[in-house]
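Here's a quick tour of a pocket and some ring pairs. Have the structure open while you read.

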Amino acid sequence: MPEPLEPFDDGRAIDHTGAGGATDLAMEEGESLEKTPGGPLGTGPANKPRSLWSDAWHDLRRNPVFIISGLIIVFLVIISIWPSLITSGDPLDCDLAKAQEGSQPGHPFGFNGQGCDVYTRTVYGARTSVSVGVLATLGVALLGSALGGLAGFFGGGWDGFLSRITDVFFAIPVVLGGLVLLSVVTSNTIWPVIGFMVLLGWPQISRIARGSVITVKQNDYVQAARALGASSSRMLLRHIAPNAVAPVIVVATIALGTYISLEATLSYLGVGLKPPTVSWGIEISAASQYIRVAPHMLLWPAGALAVTVLAFIMLGDAVRDALDPKLR
């Protein structure tokens, strides 16, 4: 005859056998999981599934490479907008009597060949170099994404035509093209250099955008939107573009540092920005002939350029790792 059941304080009963205790414990765990806001699989309100962007931001905040490069870039942006925050000098205030002199109180970087303060010109040079890189990247990203996205979405003759045009631009050497195209420009503004970078830079972004759009438009949710009668513009803007833009952002971020370096290269060769514009490329070009007698003139602008390019490349690498689904 089985032993009688003994009631607990909460009114439940449990058999004295080990099987009964295990059964009741399993029931308790099941009830506790059901009462958990997130549910047993973490699908409830407390553990909502993250989107690609929120998941990427979650990873980036824990990536020291992203944090270091981001702080450097924020600092560069701030001094580009407000250079007077860290220097009170005038980049065009020069004294030939101090030409090529080294570090002095109030002038930690010394003076260049014209007697201008190297520190002040390095700070003000950030505004021009960063502005050229950012504006060129925006132009390249917008033009390349638009052309590549349309080619990948519609395909057919437009895709074939754009692919052949892209091949032609890829065949043009960037530095040689700059020497040819910018040598006839007499403007002292940054716009001819930016226009040249956009002209030769859009094919790379276009090809990336085209491949991304072709991949995304084959997904089920795009096919469902098409079956429900969504227009082409709605599918592009609401369903395809938000899911195809990640590779473009990664490539554009890395390319930004490349465009800053390209501006310095063209200015060094004498076909980019021209005096009295202040940029790192111009400073490096002017200091190259004094490298033996006054190396400080070259060290500081070249160092600022190297750190800036490296920061943007590191930022692009971190963003790529965060947005790459293969690394998850």
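What volume does the largest pocket have? About 340 Å³.

## Ground rules

This is a predicted model, where local features need pLDDT of at least 70, side-chain atom pairs need 80 or more, and totals for chains, interfaces and linings use all residues. Residues are numbered from 1 along each chain as its sequence is written, and side-chain values use heavy atoms, leaving out hydrogens and water.

## The pocket

A pocket here is an open set of points on a 1 Å grid over the protein atoms alone, where a 1.4 Å probe fits, with protein on both sides within 12 Å along at least five of seven lines; lining residues have an atom within 4 Å of a point. Volume is the space filled by probe spheres set on the points, which are joined across faces, edges and corners.

The lining has 17 residues, with Ser145, Ala146, Gly149, Ala241 and Val245 nearest the centre. Helix α4 gives the most, six residues; α4 (118-154), α7 (191-216), α9 (232-244) and α10 (246-268) each supply at least two. Helices are DSSP runs (H or I, at least four residues), numbered from the N terminus.

## Ring pairs

Rings of Phe, Tyr and Trp (its six-membered ring) pair if their centres lie within 6.5 Å; planes under 30 degrees apart are stacked, over 60 edge-to-face, the rest tilted. That gives six aromatic pairs. Trp57 and Phe66 are edge-to-face, 6.1 Å centre to centre with 85 degrees between the planes.

Phe109 and Tyr119 also pair edge-to-face, at 5.1 Å and 80 degrees. Ring pairs link Phe109, Tyr119 and Trp300 into a cluster.
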